[in-house]
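The entries follow the order in which I looked things up.

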Amino acid sequence: ERQAAFDLLDALSRSGALPVRYASLHVVLAATHRFDQTLIDTVISGNVNPIEKVERSLLIMASTVQGRPAADLVADEHTERLAAGSPLL
């Protein structure tokens, strides 16, 4: 797939003869979350907040893509709350 994308770009730009101005690249990442129990059992029996788990995963992905520490990507008013749930971030 990667080579096919580069081949298409090469053909559209006539092997670089036509400049590609005002172009932007968009990257879409998808993630799913699976819990060992149902959502209700996770919340009630496991006493786990699934939103914290999702936030943690999203911060890990964003930190990796942006190449910046997670703390730099979080608004100041949410830093303490996220640090309590995920101290290693």
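**Backbone entries**

I located Y22 in the loop between α1 (2–12) and α2 (39–44); helices (H or I, at least four residues) and strands (E, at least two) are DSSP runs, numbered from the N terminus. The model is predicted, so local features need pLDDT of at least 70 and side-chain atom pairs count only at pLDDT 80 or more, whereas totals for chains, interfaces and linings use all residues. Residues are numbered from 1 along each chain as its sequence is written, and side-chain values use heavy atoms, with hydrogens and water left out.

I noted a positive phi of about 55 degrees at Y22, which is not a glycine. Y22 is exposed, at a relative accessible area of 83% (buried is under 20%, exposed over 50%, partly exposed in between, with a 1.4 Å probe and protein chains only).

I then turned to N47, in the loop between α2 and α3 (50–66). N47 also is not a glycine and has a positive phi of about 55 degrees. Its relative accessibility of 70% makes N47 exposed.

**Whole-chain entries**

I found five helices and zero strands in the chain. The radius of gyration, taken over C-alpha atoms, is 20 Å, well over the 12 Å from the globule rule for 89 residues, so the chain is more spread out than a compact globule. That rule is 2.2 Å times the number of residues to the power 0.38. The C-alpha trace spans about 60 × 30 × 20 Å along its principal axes. I recorded 10% of the 89 residues as buried.
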